[in-house]
Amino acid sequence: MKQTFGKNERLCSPRIIGRLFKKGSSEVHTFYLFPFRVLYINAPLSPPQVLFSVSKRNFKKAVDRNLIRRRCREAYRLNKHSLVTLTTESRPSYIAFLYLAKEIVSYDVIESAMKQSLTKLEKLPASSKSPS
């Protein structure tokens, strides 16, 4: 399997992003796993589309935000194979990784959290209610 992260895997649609961040929506599921908050929607789509977000409030400099986003994308790209191999009905289609830490953590921490997040996303049933 190719370890790429192409345009078709990036979540760019403002309509879908709005659905992910809509407060009180029953279709959006979430869980926390330091340093991420993971939001996802189950819908049949192949491959899953992913969004990475780093708060401007916590990291004033764009250089820092970009560094964290690059680390997150690389960790996802190298570990997404377990999520992509699932059937389209059993995996989430739209995923947002929100970086919540107040400081820049090392790549090793981000990669281990990404691995744990992806294995948790694999094991979640399609009709789950907001697990924590």
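User: What should I know before I start?

Analyst: Residues are numbered from 1 along each chain as its sequence is written, and side-chain values use heavy atoms, with hydrogens and water left out. Because the model is predicted, local features need pLDDT of at least 70 and side-chain atom pairs count only at pLDDT 80 or more, while totals for chains, interfaces and linings use all residues.

User: Is serine 93 buried or exposed?

Analyst: Buried means under 20% relative accessible area, exposed over 50%, and partly exposed in between (1.4 Å probe, protein chains only). Serine 93 has a relative accessible area of 0%, so serine 93 is buried.

User: Which residues is serine 93 in contact with, leaving aside its neighbours within four places in sequence?

Analyst: Contact means heavy atoms within 4.5 Å. With those neighbours set aside, serine 93 touches Ile41, Asn42, Ala43, Pro44, Leu45, Pro48 and Gln49.

User: And how exposed is arginine 10?

Analyst: Arginine 10 has a relative accessible area of 32%, so arginine 10 is partly exposed. Leaving aside neighbours within four places in sequence, its contacts are Phe5, Gln49, Val50 and Arg73.

User: How far is arginine 10 from lysine 61?

Analyst: In sequence they are 51 residues apart, and in space 23 Å, C-alpha to C-alpha.

User: What about arginine 57: buried or exposed?

Analyst: Arginine 57 is exposed, because its relative accessibility is 70%.
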